[in-house]
Amino acid sequence: MTAEIYRDAWGIPHLRADGVGELARAQGRVTALDRAWQLEVERRRAQGTSAALLGPDSLPWDRFVRRARLDDTARRCWAELERTDPETAAWIRAYVDGVNEGLAEASLPVGIPGRWEPWTPLGVWLGIHILFAGFPAKLWREQAVRHLGAEAVGLFAIDGPGTSGSNGWLVGGERTVTGQPIIAGDPHRFIEDAGVYQQIRLSCPEFDVVGLAVPGVPGIAHFGHTGTVAWAITNAMADYQDLYRERLRRTGAGVEALGPDGTWARAARHTEIVEVAGEEPVEVEVIETERGPVVIGGPEGLDDGTECAVSLRYPPRVTGDLGFGALLPLLRARRVADVDRAFDRWTEPVNVVQAADTEGGLLHRVAGKVPDRSEANRVHLVPAWEPGHEWRGWHEMPYGELADGVAVMANQRGPATPLGVEFAPPHRADRIAALLGEKDKWSPGDMPAIHTDTHLASAAPLMDHLTALEGLSPEAARLRETLLSWDRRMEADSGPAALYAAVRSAVVRQLAAHPAFAALTTLPAYPEVLLPWLALVPRIGFALEHLLRAEELYGIDRPEAVRAAVEQVAAQPPQGVWGDTHRLAPWRAIAAEYDEPGLSGDHDCVLCTSAVPGITDLAARGPAARYVWDLADREHSLWVVPFGASGVPGTPHHRDQLPLWTRGDLVPVVTDFALLKKETDV
């Protein structure tokens, strides 16, 4: 035996090999066989060549990737990895060899698969996570403060558009029926077909791990169970990327940037050509100052006449370290201490980690690299030509504790508070903690009830306004009474939930149309890929709770706005239930026609299926997977993904988990090879 591929009843690959290298090769190969189209799209997105395959809609992303120098950063990090960690580099090479073998047998709906290089997995990781920390939120803060004043930062502080969150909870052995810990949760991301997580098992003499892999990246980074220790992560909401305003000028030799010492220094500059399917190629000027790559504007400013250039400084570009040195140690982990040491090598995204082992070890910590610099850097753009904004080293990563045998992480303020600026509201975390407090002892099978909880605590401010309304029309009064008797659960089959969502969206639009916010409706001439963070209506929609509770809101009569919204919805109420309009809307590289299901949940529910109030009820974000790791018996662990193990449309396992995912059911983790079906030797 060199390596073997087995499958369970859901088509999930279980790989067994004689050694670590053979296993990595098998993982690369099976990923290419199951996800060839996805791998080709991710490779091109990492390189900034996706428009050549997908057309002009992908050009804004390719421009950004070229200017942010993602591919070059991946190459830098690969060179550093080869120099400092040859074992991990060889392991990644084996994975890439397997990918190329699998792609040689694959067919794509468009084009021919391109060849993967050893640094391609690093580029894929960067491409997936470069916007994960939400540095464009600093652009929004600049806009809001410029037009509304400093208090706007707090009013709009929210886990808003374009960011990703997750739920996770750790239940210590004293709170479980077995006496051993349970870790459960669900990462929230944009839902993609094929999925952003891949259920997989990796087994060799050194380790035997089940978990959720990122297609295109070897190992199991985020969610894994080795049998004796398990771990999971959520986004820590840390701020670790900086934006610098740059003063640039052209010279006969190229481009210069003004530095904090008052001198002009040569900036690196070159041009790249982006191919676009069906259109003429596009030239992109790439400039990099001593701070980092220029991602907005240039020496001539922006198209709207603004004198502006903005550079991005992010840790892997500075250090040449992407944190891939953590991946093999995670697979080899036997105890919590091993997981802890592995995550000491983590870089980005910055995560809150929870882990538990069979000997009673528990871990709750933050992992990653967060630069130590001035407070101004964290909040908004800072001038590159002024001193005091340099990076001075790295923060120590904080640790958290369990309370009553439980730790909950849901992007709220917690251990990572000193490292961030904006965090998710506490509703999901508080609700999970409250639910866990309802029972003394928990089992793995109990956890889906928490995954699928739909109570919407953030409805309270709007409901308070509804309570105070008087003098409504008869139709609006009936609507008001219906909402006041609603149980505040965003269930797919709930008519009142649909009415609430309609009123909420109408309130959002009423506020967004007020003259006080007029200046924010005109977007600056920033790159298109960054504009979702500056869109006014989503910002108001996600911050509605703050805006309705503030003592004063720029002279806006909020009771009148709520009244107008209620009358508007009462005149034309939604005909049906929440799931009629709150439907799954996944991203696909090529459009396809599917009758996607209606969903329960909402942005601030534990079942976080995010609509965009004021824009659409469709849910493009939600649980990209669900997991329950049982430390008493790994065979009692559970997991599910939105679609299935295969990324190939029409195959049996392309969408077979979708009904379970929609209902909140999970698939059992099977680890007995005797119960699996052998597919092939590789």
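**Exercise 1. Determine how many aromatic pairs the structure holds, and characterise the pair of Trp125 and Phe324.**

The structure, a predicted model, holds 15 aromatic pairs, where rings of Phe, Tyr and Trp (its six-membered ring) pair if their centres lie within 6.5 Å, and where planes under 30 degrees apart count as stacked, over 60 as edge-to-face and the rest as tilted. Because this is a predicted model, local features need pLDDT of at least 70 and side-chain atom pairs count only at pLDDT 80 or more, while totals for chains, interfaces and linings use all residues. Residues are numbered from 1 along each chain as its sequence is written, and side-chain values use heavy atoms, with hydrogens and water left out.

Step 1: the ring centres of Trp125 and Phe324 are 6.0 Å apart and their planes stand at 90°, so the pair is edge-to-face.

Step 2: the pair links distant parts of the chain, since Trp125 is in helix α6 and Phe324 in the loop between α9 (315–319) and α10 (327–331), 199 residues apart; helices here (H or I, at least four residues) and strands (E, at least two) are DSSP runs, numbered from the N terminus.

Step 3: Trp125 is buried, with a relative accessible area of 3%, and Phe324 is also buried, at 3%, where buried means under 20% relative accessible area, exposed over 50% and partly exposed in between (1.4 Å probe, protein chains only).

**Exercise 2. Compare the end-to-end distance of helix α1 with that of a straight helix, and locate its bend.**

Step 1: α1 (residues 20–47) has 28 residues, but its end C-alpha atoms are only 28 Å apart, short of the 40 Å that a straight helix would reach at 1.5 Å a residue; the expected span is 1.5 Å times one less than the number of residues.

Step 2: α1 bends by about 100° at Arg35, the bend being the angle between axes fitted to the seven residues ending there and the seven starting there.

Step 3: 22 of the 28 residues of α1 are buried, and just after this helix Gly48 takes a positive phi of about 80°.

**Exercise 3. Apply the span test to helix α7, and state how covered this helix is.**

Step 1: at 1.5 Å a residue, the 12 residues of α7 (residues 137–148) should span 16 Å, and its end C-alpha atoms are 16 Å apart, which agrees.

Step 2: α7 is mostly covered, with nine of its 12 residues buried, among them Trp140, Arg141 and Leu148.

**Exercise 4. Describe where Gly471 lies and how accessible this residue is.**

Step 1: Gly471 is placed in the loop between α15 (460–468) and α16 (474–484).

Step 2: Gly471 is exposed, with a relative accessible area of 75%.

Step 3: Gly471 and Arg563 are 92 residues apart in sequence and 9.4 Å apart in space, C-alpha to C-alpha.
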